[in-house]
Amino acid sequence: LNSAIAQAYYYKKAGVKHLITGTGAGQWGTALAYACRQFGLKCTVFMVGISYRQKPQRPRIVELFGGEIHESPSPLTRTGRDAMQRDPERIGSLAVATGEAIEMAREMKDSARFAVGSGETCVILHQTVIGNEAVGQMQALGDFPDYVVACMGAGSNFGGVGMPFLRAAREMGREVELVAAEPVACPKLTRGDYLFDINDFSGTTPVTRMYTLGSKFLAPGIHAGGLRYHGTSAFLSTLYAHKGFSARAIPQPEALGAGILFADCEGIIPAPESAHAVAAACQIAREHKGGAAPAILINISGHGMFDLAGYEEAKRGALADDRPDEALIATSLGAARARNDELARALSADVRA
């Protein structure tokens, strides 16, 4: 809602009647549907197929708030139909859902606009409400974290909590390490390349330089649907390239196991996305065993009440294999590298001209 309310407000002032978006696990889609309801805007959401089926409550909440929601890839757009040919099981990806939303918004011209839920710098700025509040909470405790850990999808959750701590650390003359927890299923920071790439499956978005696995990459259908995006915020990618933070890839069983431990200790069931951050924090704590205990701040960015089926699978040891298809990584990254090289040649030619 930190970003959904802001975007709905400014789109309303601009005379827009209809907002269209793509959503992964559904948190952004439900937030935008609620925000549109408050400002009298129509809302259409394309939700990644595997998450749509894993979390049936999410689509119902969007509809409760007056929104319209479609399982992506869908037959409603050319982008969706093309994606269904290569993904007949309709596992989907945020790149496809975003591409469908952009296509529909473009066809409706002046009456509709595309709204983005993560990764863009403006959304990271909106989400720094989280980090600023956390800095204040730590100051009230008379403490400061040695590590700030958050899960990494496209980046607004991670950047929203982390950036204010970088500023506060500089002002206080302190050190803090930001740690991004990404899934083994979609390891764009730990295994991707820093390339000029497109943000959506349809290829209609501007090309940005980011850590990416390539826009054609289709991650396994893990329960942390919000972390299955192929790329990372251009702003955060630059920071990562300059060693401004570190990243860890977490297997799904370890993540949900850490989520169960957290629920047992704190009485809060974290979202599978947040459970990846808990798992990364557990790794850090174990690495300091026997030495000075570090202060570790974890951003719990959502609850896991819609993910109990996943936790039940974790308890039974029945989680599906979340290792990505190595051939698909190679193919998708190869296409992204070729596009990057082509763009570099075109840019060099323009500079010479």
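Two strands are taken to pair if DSSP finds at least two bridges between them, where strands (E, at least two residues) and helices (H or I, at least four) are DSSP runs numbered from the N terminus. In this predicted model, local features need pLDDT of at least 70 and side-chain atom pairs count only at pLDDT 80 or more, while totals for chains, interfaces and linings use all residues. Residues are numbered from 1 along each chain as its sequence is written, and side-chain values use heavy atoms, with hydrogens and water left out.

Strand 1 (residues 18-23) runs parallel to strand 4, and three bridges join them; Ile20 stands opposite Phe114 in strand 4. Both belong to an open sheet of four strands in the order 3-2-1-4, with parallel pairing. Strand 3 (68-72) and strand 4 (112-114) form the edges, each pairing on one side only. Neighbouring strands are turned by 20° against each other on average, direction ignored. Helix 6 (residues 94-108) packs on this sheet and touches strands 1, 2 (42-48), 3 and 4, its direction making about 165° with that of strand 1. Such angles run from 0 to 180 degrees between N-to-C directions, with axes fitted to C-alpha atoms, for helices over the stretch in contact.

The largest nonpolar core has 25 residues, and Phe158, Phe165, Leu189 and Phe245 have the most contacts inside it. A nonpolar core is a set of buried Ala, Val, Leu, Ile, Met, Phe, Trp, Tyr and Cys residues joined through side-chain atoms within 4.5 Å; buried means under 20% relative accessible area (1.4 Å probe, protein chains only). Helix 7 (121-141), strand 5 (147-151), helix 8 (156-172), strand 6 (177-183) and helix 10 (234-241) each give two or more residues, and helix 8 gives the most, with six. Beyond its neighbours within four places in sequence, Phe158 is in contact (heavy atoms within 4.5 Å) with residues including Ala150, Leu178, Leu236 and Phe245. A second, separate core of 18 residues includes Leu41, Met47, Tyr52 and Val62.

Methods
Buried means under 20% relative accessible area, exposed over 50%, partly exposed in between (1.4 Å probe, protein chains only).
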